[in-house]
Amino acid sequence: MESKEAPRDFIRKIIDEDNKSGRFGGRVHTRFPPEPNGFLHIGHAKSICLNFGIAKEYGGLCNLRFDDTNPLKEEQDYVRAIEEDVKWLGFDWEDRLFFASDYFGKMYEHAVQLVKAGKAYVDDLTADEIRDYRGTLTTPGRDSPFRNRSADENLNLLERMRAGEFADGAKVLRAKIDMAHPNLNMRDPVMYRILHAKHHNTGDKWCIYPMYDWAHGLEDSIEGITHSICTLEFEDHRPLYDWYLDALGVYHPQQIEFARLALTYTVMSKRFLLQLIEKGYVRGWDDPRLPTLRGLRRRGYPPTAIRTLCERIGVAKVNSTVDIEFLEHCVREDLNKTAPRFSGVLRPLRIVIENYPEDKMEEFEAVNNPEDPAAGKRKVPFSRVLYIEQEDFMENPPPKYYRLAPGREVRLRYAYLITCKEAVKENGNLVELRCTVDPDTRGGNAPEGRKVKSTLHWVSAAHAVDAEVRLYDKLFTVPDPLAQEGMDFKDLINPKSKEVITACKAEPAVRGLKPYDRFQFERIGYFCVDPDTTNDHLVLNRTATLRDQWAAIQERGQSGK
RNA sequence: AGCCCCGUGGUGUAAUGGCAGCAUAAGAGGCUCUGGACCUCUUGGCAUCGGUUCGAAUCCGGUCGGGGCUGCCA
């Protein structure tokens, strides 16, 4: 089963060791534990792929568990959205959908156990006082004056906390560890706070809610998780995770921390994404420029490509930033193999084939996907008046430009070889091209010995479908918008991150497309149908451009090289 | 400042005591009815100093550098 040289990341190595030693009886059981207080992004995707991926590889299980311990921040709507996004990414938790709030009862019983054992106490200090007593990074903290209450008194107080006798913030339950511990997390951490708030799941049943550290290990323990994988910032919390579980003497999973995903030219944290949305820089959580799963979906990124990326970037403990080009590469690679091809002209230039009859129409056969013969073929209509891309004609072409120019012959893909006879202008503006076809080149085949340097895409004017196309590009102008000294990241938004063009022309076959369908406009890029599309208005999103050597040549020319 | 974690091509990662590999990016060429895809080649890396060893990216120590931690958030 194990392929011989498959590189193993440090997490899989730990699991291999545990399986060898029989630590968890050979079981592997992970979990993805989002807090339902926002939408998932590609950083979460890394964690999802890791947790579900590992479970699958080892023949184990992965739970979807909502870590809903803070009623002030969490909403039912997010639960539904997160479930949807995890499914879209391609993972299945089967019947293992859990909520931390399902365990509030058990958690409380365990808290009582700790109180009875003299390992937890009720503290009357205010939040400010607790902070003050905690000490600093370099100085030890001081014991709370309430630290040595008797177990009976603590028990009584805890019960009254639960019963709702006290106001928010009046008291907390704390673990009794060590106020001088060099790890601040161990200086008598808060286990329960009083919050008279309605919880999305438990309603008004509780008015005390568990803190993350107290809750999380217990959730893992209750579910029989073997490896509790989380991000690096919880490394300092592991001693506490271990302390709680040891103090309780319950089943004890292994917490493992890895570095979260960061990408260039974007921001990932909910806080910054929210700013972009609330200030109107983007249209919502599903804006195609955002790294949210919903944004990527609307942009046309296939979930398989996102999974491929997550596999390839690996897992480690170094903080690193993946180049967004790498994501785009995975997307292009995926779409190249799967996306059907169509012809579409973004910025139309009208051309008239002078020696082609006005009332004539032919159909040519076009390959749907050269990478996938099973995708079949389709017919595309050809007639006297066509559209080609404005970029595909130059009156005075520079040396390496080998598209259409006056007097030059090129191929119209699948159709004919044509020659440009005249560029017609009005007031100095190019309005149309007069061209001729060589009837002997029907189907686009050049007679023996004749070569044309370029093949252009085209659309028959009489048969064209109009479309609005939204061109997307990198959200920011710099790789790390948050690291620019003295600059608000919002001022670094790429003004060209979204450009809308409206007079686009596509071949008739695009009429069969549905929202979110992905395809390629040959020679242009990958696109998908935006859900804004209506019966008489087609809206397309550009997912990614094709790699473009000509653009690279131009760029180099401009940079003076 | 105290505690914890981490330093391998531009970027992301392998190799765990024995020739530093892969992917991506970049450059050159080939092929092509998409200047796409594909194929070939090239450039480029073990933070640093010392120790152990026949031999160190790997083990040990120092230095330097990066990150995290002082919520009744997760």
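Predicted model: local features only at pLDDT ≥ 70, side-chain atom pairs only at ≥ 80, totals over all residues.

Biologist: Which domains is chain A divided into?

Modeller: Chain A has domain 1 (10-258), domain 2 (270-340 + 467-559) and domain 3 (344-457), with bounds that come from an automatic or database domain assignment.

Biologist: How many residues of domain 2 are in contact with domain 3?

Modeller: Counting a contact as heavy atoms within 4.5 Å, 23 residues of domain 2 are in contact with 24 residues of domain 3. The centres of domain 2 and domain 3, taken over C-alpha atoms, are separated by 29 Å.

Biologist: How many residues are in the largest nonpolar core?

Modeller: The largest nonpolar core has 38 residues, and those with the most contacts inside it are Ile42, Ile48, Phe52, Val86, Leu263, Ile306 and Leu327. Such a core is a set of buried Ala, Val, Leu, Ile, Met, Phe, Trp, Tyr and Cys residues joined through side-chain atoms within 4.5 Å. Buried means under 20% relative accessible area, exposed means over 50%, and partly exposed lies in between, using a 1.4 Å probe and protein chains only.

Biologist: And which elements give two or more residues to this core?

Modeller: They are helix H2 (42-57), strand E2 (61-66), helix H3 (76-89), helix H10 (293-299), helix H11 (303-312) and helix H12 (324-338), and the largest share, six residues, comes from H2. Helices (H or I, at least four residues) and strands (E, at least two) are DSSP runs numbered from the N terminus.

Biologist: Why does this core lie between domain 1 and domain 2?

Modeller: Both domain 1 and domain 2 give residues to this core, so it lies between them.

Biologist: What is Val86 in contact with?

Modeller: If we leave aside its neighbours within four places in sequence, Val86 is in contact with Phe32, Leu40, Ile48, Phe52, Phe91 and Trp93. Apart from this core lies another, of 34 residues, among them Tyr103, Val115, Ile208 and Leu240.

Biologist: Switching to helices, how far apart are the end C-alpha atoms of H4?

Modeller: They are 18 Å apart, which agrees with the 18 Å that the 13 residues of H4 (residues 104-116) should span at 1.5 Å a residue; the expected span is 1.5 Å times one less than the number of residues. In H4, the buried residues include Phe104, Met107, Ala111 and Val115. Just after H4, Gly118 takes a positive phi of about 75 degrees.

Biologist: What about H12, which residues are buried there?

Modeller: In H12, Ile324, Leu327, Glu328, Cys330, Val331, Arg332, Asp334 and Leu335 are buried.

Biologist: New topic: how many cavities of 30 Å³ or more are there?

Modeller: The count comes to three cavities of 30 Å³ or more, where a cavity is a set of points on a 1 Å grid over the protein atoms alone at which a 1.4 Å probe fits but cannot get out. Grid points are joined across faces, edges and corners, and a volume is the space filled by probe spheres set on the points. The largest cavity holds about 140 Å³ of space.

Biologist: Which residues lie nearest the centre of the largest cavity?

Modeller: Arg289, Leu296, Arg299, Tyr301 and Ile324 do, out of 16 residues that line the largest cavity, lining residues being those with an atom within 4 Å of a point. H10 and H12 are the elements that give two or more residues to this lining, and H12 gives the most, with three residues.

Biologist: Last one, is Asn427 buried or exposed?

Modeller: Asn427 counts as exposed, because its relative accessibility is 79%. Asn427 lies in the loop between strand E19 (417-426) and strand E20 (429-437), and has a positive phi of about 55 degrees although it is not a glycine.

Biologist: And where is Tyr516?

Modeller: Tyr516 is in the loop between strand E24 (498-506) and strand E25 (518-521). Tyr516 is not a glycine either, yet has a positive phi of about 75 degrees, and with a relative accessible area of 27% it is partly exposed.

Terms used:
Residues numbered from 1 in each chain as written. Chains lettered and ligands numbered in written order. Heavy atoms only, no water. 1 Å grid on protein atoms, 1.4 Å probe; cavity = no way out; pocket = protein on both sides within 12 Å on 5 of 7 lines; lining within 4 Å.
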